[in-house]
Structures are given as structure tokens and as C-alpha cells.
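Me: I would like a close look at one part of this model. Please keep the reply brisk and connected.

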Amino acid sequence: MNTAAIETQENYLNAGYGLKSWLLTKDHKRIAILYLITITIFFFIGGIFASLIRIELLTPQGNLVSSETYNKLFTMHGIAMIFFFLIPSIPATLGNFFLPMMIGARDLAFPRINLLSWYLLVIGGAFAIFAMLAGGVDTGWTFYTPYSTTYSNSWVIATALGIFVSGFSSILTGLNFIVTVHRMRAPGMTWFRLPLFVWANYATAVIQVLGTPVVAVTLVLVFCERVFHIGIFDPNLGGDPVLFQHMFWFYSHPAVYIMVLPAMGVISEIISVFSRKPIFGYHVVAFSSMAIAVIGFLVWGHHLFVSTQSVYAGLVFSFLSYFVAIPSAVKVFNWTATLYKGSISFATPMLYAFGFIGLFTIGGLTGLFVASLGFDVHVTDTYFVVAHFHYIMVGGTIMAFLGGLHYWWPKITGRMYPENWAKLSAAIIFVGFNLTFFPQFILGYMGMPRRYHNYPDEFQVLHVLSTAGASILAIGYLFPMVYFMWSLRYGAVAGANPWGATGLEWTMQSPPPVHNFDEIPVVTHEVYDYSTVVKEGVEVG
Amino acid sequence: MKLPLFPESASTFAPDVDHLLFYLVGVSVFFTVLIFGAIFYFAIRYRRRSDNELPKPIHASLALEIAWSVIPFGLTMIMFAWGANIFFKESRPPKDAMQIYVVAKQWMWKLQHMEGQREINELHIPVGRPVKLTMTSEDAIHSFFVPAFRTKQDVVPGRYSTTWFTATKPGKYHLFCAEYCGTKHSGMTGWIYAMEPQDYQAWLSGGRSFGSLAENGEKLFQDLACGNCHKADGSGRCPSLVGLFGRSVQLADGRFVNADEAYLRESILQPNAKIVAGYQPLMPTFQGQVTEEGVLELIEYIKSLVPPPAAGTGTTPAEINVNPGVATATPSNR
């Protein structure tokens, strides 16, 4: 296929060109692109805040910005990255685009609701950006009471409202995915023929639907106390400040799995395709996603070990936290075992998958550290925790997001990205990430508290290393931005199935036609059956 | 420039936590090497040699799945039990611990010794002797964190939390606020001075004393005219406070509560929350009239009201200290 063919062939991209054809689209693929643009903007907003934080921490005195500004920077970094980038990241972009195709459907179950959920994210995001521009918010992304309800003089309400509205975006996406997976699978697409990416998004959707309303309720209660002085959390009004932490983490711990489960789904796809083998222990990996979704709701109290929560509650939450660790560990072992006697390709998505396994392993193992009561007392609220969750969220989710984006880019755009540039930037990101966050484990055990604008001199060398790493990481993130744009016009034409992959999405042209399938396919093969696409001795592609 | 990579160990808990760290790091290094090693080996050994290779599928192995679930789970249960053991020790201050009161506010630490010494952002303690902190906050949540001691405890408005430690090495150690509390959060720091016992005694006698906490509490008790109703012989309109601390008290609704610090604090600030059986809800609230330090002084004064031996104060000896240790054993949690 040549360049002319890709432009004349009818597909979802050339089906209409006006702004209206995008803003009123009901096509899940176009909505995914709208999401991709939106969350990329928030990623760069959050990234600018992160850069300023790291530059400030080069010196112990805190002499770049004021304490007030610094507190707003880390708050808005967290809010932009978590609520407006990481939570929608993989489900709303790659999930939105590929989940219907992977199960043989022409769209999600509720295309209009899908569009609505994007608008809700944009409206919520607009509130958050308004709050940032109007003066910012300084509560930390965790909004702990009674600071957020009584003592903070910043734009708490506007920000909370933004998160509240965007929460409905997440709920509606989850609802749409659940119904779609139940009702719209093609004939022959049984539950155990579903690609693991679909299983992961399904498990995520369950958390989104069950967990997000709780954080919405919590934010409404913060609103009531801050605006109407109804005593819920502030002890001076008769409230209980620790109640907030229970409610907040009841959502926000499972929210970590909203961020990382879809990432695990992406990794399962990539590992399988680039070792050309079915995932070892497919059933175990599929059920481990569901186990994480369920057990993830029972561990929130491990954020409260030193909060005055009872000693016995601490004991139970520590114990249960180890239960949620096992399904994650099992996935890593199964991915590793999949490589055994495979045909391992080192294409860019596979490099990201290796990077993911490495960083997620370290993030997960240090999760075992902080789940241990006596250890957590020392490191909670220090840089150890900061390092731990960045290994999961950045090392895990963002590596998988970038891996998935490279893997499906040929399908989304019909073009290949430049392979060497992509490999180089994957390496830069891996090195930069580790240099940024590994020193923070040491800082944390040394006792450096998080959210500190200035700090004792003895922590400076490690902070300088971390900032150096962050500079490398920032450059690493800019590369894909540039070459992806470049590839839209100049990339090699990809063809329908450049990787020799098995999913239904690879059976259609790239970019896909508006309605995905002319005829709904009938699935007769097991999942990841590479004998259907690769014939020994026959060229792939 | 200094580059220390490990924190000082200066309390009895510090070696415990450090040993747990070594175990955790050991297990992690083992699994990291195992997984990374396997990935490197497989990736190179089974690298794709021609574009149309088709390896044989290998679907699953129940034995392997069980092995790599059960073995890691066993190792994590050691982490759980080990950490829980340290945590239990940290939450049970010994009975003979030296008492210090801590009031946190944006953005300073106010610390009071029983003998009356008051300190701001500094705490002098003797080595070798357990020190128990009873803490509250006047505004947002703070957290009392001494890295060299490996202890941390949130300081929450509206309730008392406790922590304790025994310093093992004289020196000057960081005190940090670890829970984000607003603009000057990173300025809410101080120093712990651990001193040899004789140096500590010298410091105690050398410093300016403001009168012991119980003495100040007695003055406050008189200023607020508490004694008009709370008569020592029980003849007042409100219950006698003699011998009250640590006792089990029957309430009007039939429940029994232990008269610990949290109960006394609540009864001063929200007198109608718990009414003692046989009494009317007459007492006005002292919310806003007594500072957190004042409440602590009143509590110390009430603690000092011990019944004279064999004197009839309306309680039988059996009722006194029905539940010793509970008030101090666990952080207040209501």
C-alpha cells in the first residue's frame, strides 16, 4: 500500500474534516483522539509544575518561589497528573479506541454517553485550569481536612468541583465499558477469548463505577463544610478529621488500580505479540485483574497507619495489603514466563514493556515495604512514599501508556513512527526515570518529609541527582511528542498488521474504517493464536 | 558537600526498623535479580532470528502458578508479622515513661515537661529513659516525626494521640512535621536534644520553670471556679474529681467509660457529651475559654488528685484503676 492509497481509502480520519465533525462525533475512535489531545495537554501542564518543583529543590533554602507558590505547585502537579491525566489515560484513549474493535463491535454500547464523558472531562478540566489561573490551590492533591475545609486560603472549591465533574466522566466511561463487554462481543468471542487488555479495562471499569461516587460524595462534604460550615470533618464544628481520610482513600487507593490495571493490560498485549506466544497462564492473569479490583477496595486503611486509626485496624489493613500484592506479582511472573522459548522482538513497544516490568517490579516490591506497619511508621509522608508511587504511576502507567501508543500508533494513524528515535527515547526515559526517583527512596529513609519547600543541607546531593534525572526524563518525554507529529505526514505506511499480531483490530485496514467491521466477525480461534497470522516461511505484514 | 546515605540510629526502635529494612531489601534484591535475570536471559536466548518464526505456544502450569503465589505470600507474611510486632511495641508506652505534652499549631511545636519547663521547637530528653508524648493540635493535622528514632505519629485536632521512644545516644536530632499543614509546613521543624541523665537534670534545674503542670492546673481550676461544683468531698452539684483518673465511670445511659485523658478533655470542652450517672447536665462548655495547654494542665491537676489512704471519697478501692494501662496503651481512637 502506498501513501496515495492511505489518503484515498475511506477511514475514520477522512470521514469528515470540519471542527463539528470532531466535536459532535459519536465514533469511539474520534472520541479517543479527543481524549488523547486533552490528556496530553494536562500531562504537559502537570509536567511544567513538576519541572518547577525539581528546579526549586536544587537548593535547600527554597529561593526560587515562595513557600505558598511551592505548595500550590505540588498540589496542582498532583491534581493535573492524577485526575486529568493518569485516571483517563489508558482507558479513555487506547481503551476507547480498541476495546470495541477487540471484541468485534462497531462502537461502544452508548456512543452519545461516550461523547458526554469527554465533555465532562473537559468541563471538569476547565474548572481546574480556572482555579490554577485564578491563584491556585494549596491543599495537596489529597485535600486533607480540616486544612482544606477551614485553614486553606486558596481555590479549593473550584478545584474540588472540577474533580467532581471529571469523576462523572470516569464513571460513565466505566459504565460504557462494562455494558459493551457484556453485550457487544462478536459471535464466538467468549469471555476466555477476550484479549487481556479487555479484561484489564473491564476490571478497571468496575472500580470506576463503584469507587468514584465515593470521592464525589467526599468532595461534596468538603464543599458543605467549607461553604456552609456544616461540621463533618473539623473538630471545632463537631466533626472528625480522620473520617475524611477514610472516605478519600476508599476511592483513592482503588484509583491507583484504575491507573495501573489498564497498564497491565497493555503490557500483556505487547509481551504476547513481541514474543509471539500466548500469555503464559492466561486465565490466572485475567482473574488476577479482577482480584486486584476487588481486594483493592479493602486496603485503604494502609494510608492511615499513623493517623490515630486503631492499632487493630492497622493490623487488618496491613494484612490485607499483602493479599493485593500477590495478584500483581503473579502477573509479573507470568509475563516473564511468556518470554520462555518465544520469538522475542526488540521493537519499541517491547522495550517499553521491559521497562514497565523493571520499574513496576521495584514499585511493587517497595509497596511491600510500606505495607509493613513498623516500617511504614518511619517512611510514611516521606520521599520513600513519593518514590514508591512514582515507580507505580510513572514507571508503570506512563511506560505502558507510551508502549501502547507506539504499539497501536500504526493502527490509529496508518503510519509507522521512526523506530530508532523511538528506541532512543525509550532508553532516555528509562534512565531519566530511575535517576529521578531512585535517590528519593534513600531520601525518604533518611527522613526527608514530602511536601517540603526547604530542607536540611544533608539532603541536597540526593535532590540534585533527582533533579538531574528529571531533566533527562523531560527530554525523553518531548521526543515522542515530536516524532509522533512528524510521522503523521512522513511516517512509513503501516499496513493492516505490521507486528503480526492476533487481535481483531489488526484484521482491518489502518486507519480503521468508520464502522470498524463491514460484517461482524465470527471468532473461531483461541486468543493469541499466532498460527492464524504467522506462517512459517511466509513474510509477515 | 556531605552525602550521608543512612539515617542515624538513636532510639531503641531504630535497630528494629533497620533490621526489617535489611530483610525487605534482601527479599527485593532476590526477586529483582531473579526477574531481571530471567528477562535478560530469555530475551537474548530466544531473540527473534527470522521474521516469520512461530514458537510453540505454552499455555499454563498449575504447579508454577501455585509455587509463585504461595512462596512470595509466605515471605510477605514474615514482613507483615515483623512490622506488626514493631508497631505493637511502638503503640504501647511503658508505664514508667516520662510524660511530655505536645501542642502543635501552624507552624510550631510547643512542648511541656511535667516539671514546668516549656520549650518551643526543641525538646530536651534524657537518654535511656522511655519518653511518652501526649499530643494534640490547635488547627490542622500535624505529624511528629523524628527520623533518628524511626517514630512518627499524627497530631490531630480534637483528640490526643500518643507516641513514645527511648533515646539511646546523646545528640541533636531533627524533628519534622510530616503531615502537610499549610504555607510554612517545611518550617515546622525543630531539634530533639538527647542528653546524658545528669546533663538532663542540670538542664532541668537550670532552665526557667513556669511551675509544674499540676500546679498551673490547680491555679486554672481556681480561676475558672471549677471547685464551686466539683467539690472534693462529693457534696457539690457535680461529681468529685478525686481519684477520678483511670477509673471506670458509669454514665447516665448506663455505659461505663474509662476516665482517660481523652475523656477528661471532652468533659471540659463538651460537658454534655457524656453525663455521669446521678448528675444533671449543668456544666457549661469551656470551649474557647481554655487553651489546649490549659486543658492539659487541668488534666494533670486532676491526675494529681489522689484520694488519701482509707478516706471515704465515695469510691471503693476496687473501682479505682479498673482498667489500668488502657488509657495510655492505645492512641485515642474515637
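Which residue forms a salt bridge with A:Asp240, and how far apart are the closest N and O atoms?

Reply: The model is predicted. In it, A:Asp240 pairs with B:Arg159 in a salt bridge, and the closest N and O atoms are 2.9 Å apart. Side chains of opposite charge can pair when their charged atoms come close. Between chain A and chain B the count is 1 salt bridge. Polar contacts across the two chains come to 27 residue pairs, both at pLDDT 80 or more. Helix α11 (residues 311-339) of chain A supplies the largest share of the side of chain A that touches chain B, with 15 residues. By class, that side has 54 nonpolar, 32 polar and 14 charged residues.

Now the extent of the interface. In chain A, 100 residues are in contact with 92 residues of chain B. The size of an interface is often given as the accessible area lost when the parts come together. Here the area buried between chain A and chain B is about 8200 Å². Carbon and sulfur atoms give 68% of that area. On the chain A side, A:Thr308, A:Phe333 and A:Tyr445 lose the most area to chain B. Together they make up 9% of what that side buries.

Next, salt bridges elsewhere. Over all chains, the structure holds 16 salt bridges. One of them joins B:Arg150 to B:Asp18, with the closest N and O atoms 3.0 Å apart. B:Arg150 sits in the loop between β6 (142-146) and β7 (151-155) of chain B, and B:Asp18 in helix α1 (residues 13-45) of chain B, so the pair ties together parts 132 residues apart in sequence. Both B:Arg150 and B:Asp18 are buried.

Another salt bridge brings B:Glu138 and B:Lys110 together at 2.9 Å, N to O. B:Glu138 is in the loop between β5 (130-137) and β6 of chain B, while B:Lys110 is in strand β2 (residues 108-113) of chain B, so this pair ties together parts 28 residues apart in sequence. B:Glu138 counts as partly exposed because its relative accessibility is 28%. B:Lys110 is buried, at 15% relative accessible area. B:Lys110, B:Glu138 and B:Glu293 are linked in a network of salt bridges.

A further case lies within one helix. B:Lys303 and B:Glu300 meet in a salt bridge at 3.1 Å, N to O. Both lie in helix α6 (residues 292-304) of chain B, 3 residues apart, about one turn of the helix. B:Lys303 is partly exposed, with a relative accessible area of 21%. B:Glu300 is buried, at 6%.

Conventions. Residues numbered from 1 in each chain as written. Chains lettered and ligands numbered in written order. Predicted model: local features only at pLDDT ≥ 70, side-chain atom pairs only at ≥ 80, totals over all residues. Heavy atoms only, no water. Contact = heavy atoms within 4.5 Å. Buried area = accessible area lost by both parts, 1.4 Å probe. Salt bridge = Lys/Arg side-chain N within 4 Å of Asp/Glu carboxyl O. Polar contact = N/O pair within 3.5 Å; in protein donor to acceptor, adjacent residues only side chain to side chain. Helix = DSSP H or I, 4+ residues; strand = E, 2+ residues; numbered from the N terminus. Nonpolar A, V, L, I, M, F, W, Y, C, P; charged D, E, K, R; others polar. Buried < 20%, exposed > 50% of the residue type's maximum accessible area, 1.4 Å probe, protein only.
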